[in-house]
Amino acid sequence: MNWLLDGIVDAAIDTAKLLPFLFITYLIMEWLERKTQEKQISILSKVGRLGPLFGGIVGMVPQCGFSAAAASLYAGGLLTIGTLISVFFSTSDEMLPLLISSQTNMNTILKIVFTKAAIGIVTGIAIDFFLRFTKYKYKTQKRIHDLCEAEHCHCEDEEDSVFLSALIHTIHIALFVFIISLVLGIIVENVGEAYITAFLSRRKIIGVFLTSLIGLIPNCGASVAITQLYLDGMITSGQMMSGLLVSAGVGLLVLFRTNRHPKENIKIVIMLYVLGAAWGLLFELLHIAF
């Protein structure tokens, strides 16, 4: 059982090292969210066919509730499918805090963030363009206000202080990091990092589809796991990108709760998965790395 104890100690140390950086990062993110989210949502609700462009741009601003807000606006008939996919692709969920906390090179972080936004914009515009030639009817339902709050996602609780919200986020994500680091440590200890890395390197296509599948989990743990695997050098840039593109956090949960068209929601999830995996495969084919 020494290997288990060693794994717990190592995971605890690695997590503890991230705590101050996570807290500072979330403190900044919380402040940004309270200052910009209302303006972002207002912009998205008015841009019409330029939605994918603005969705990709504003999605870069790190905040937990933006994908949920976009899903709510889509359910209310204010966003196109292309704009929704653009936001989902662009939003970082928990990727950005982990990259910053791990002291990843800032140029690398910016490349990843801007690449995700660019992919979101291009994909969203293409989706809306092709849907114009199909039987898909753009929704014109009345606006649904404050759906994010109604769904109790607690993304923008004004009563909490910025410091308290940042602390809660830090503890929450630190627990995810600890658990994922522990599980990865145990797997590496029993299987071997070289073997796992070699396995995924030889099966890059399978790895792309696997990470995309993980990214669909409607929880911040998905982006934490994918980012951690990338930081540990166990997955390629293409595999990382395919997973993080589809990792919209609670956005998918809010979509299913607010949009009362299950078949349509399932089609959106399938579209999200297929397109995310396709971009990951393209990265692997072109040997793109960050």
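Is F209 buried or partly exposed? Partly exposed, with a relative accessible area of 34%. Keep in mind that this is a predicted model.

Let me stay with the aromatics. Searching the whole structure gives three aromatic pairs. One of them joins F209 and Y273. The centres are 6.3 Å apart, the planes are at 45°, and the pair is tilted. F209 belongs to helix α10, residues 204-215, and Y273 to helix α14, residues 262-285. The two parts are 64 residues apart in sequence, so this pair ties them together.

Another pair is F283 with F290. Here the ring centres lie 6.0 Å apart and the planes meet at 35°, so this pair is tilted. What about cover? F283 is buried, at 6% relative accessible area. F290 is partly exposed, at 22%.

Now the surface. Which residues form the nonpolar patch? They are L164, L167, I168, I171 and L175. Together they have about 440 Å² of accessible area. Take I168 from that group. I168 sits in helix α8, residues 162-191. Its relative accessibility is 46%, so I168 counts as partly exposed. An α-helix has 3.6 residues a turn, so residues three or four places apart point the same way.

Where is D232? In the loop between α11 (220-231) and α12 (237-245). D232 has 33% relative accessibility, so it is partly exposed.

Next, a covered helix. How many of the ten residues of α4 are buried? Ten of ten, and the helix, residues 81-90, is mostly covered. Among the buried residues are I81, L84, I85, V87, F88 and F89. The buried list also includes G82, T83, S86 and S90.

Last, backbone angles. Q103 is not a glycine, yet its phi is positive, near 55°. Look for Q103 in the loop between α5 (95-101) and α6 (106-131). Q103 is exposed, at 59% relative accessible area. H287 is another non-glycine with a positive phi, about 55°. H287 is in the segment after α14. With 65% relative accessibility, H287 counts as exposed.

Notes
Residues numbered from 1 in each chain as written. Predicted model: local features only at pLDDT ≥ 70, side-chain atom pairs only at ≥ 80, totals over all residues. Heavy atoms only, no water. Helix = DSSP H or I, 4+ residues; strand = E, 2+ residues; numbered from the N terminus. Buried < 20%, exposed > 50% of the residue type's maximum accessible area, 1.4 Å probe, protein only. Patch = residues over 30% accessible without salt bridge, like charges linked within 9 Å, V, L, I, M, F, W, Y side chains within 5 Å. Areas by Shrake-Rupley, 256 points an atom, 1.4 Å probe, with all protein chains shown as cover. Salt bridge = Lys/Arg side-chain N within 4 Å of Asp/Glu carboxyl O. Phe/Tyr/Trp six-rings, centres within 6.5 Å; stacked < 30°, edge-to-face > 60°.
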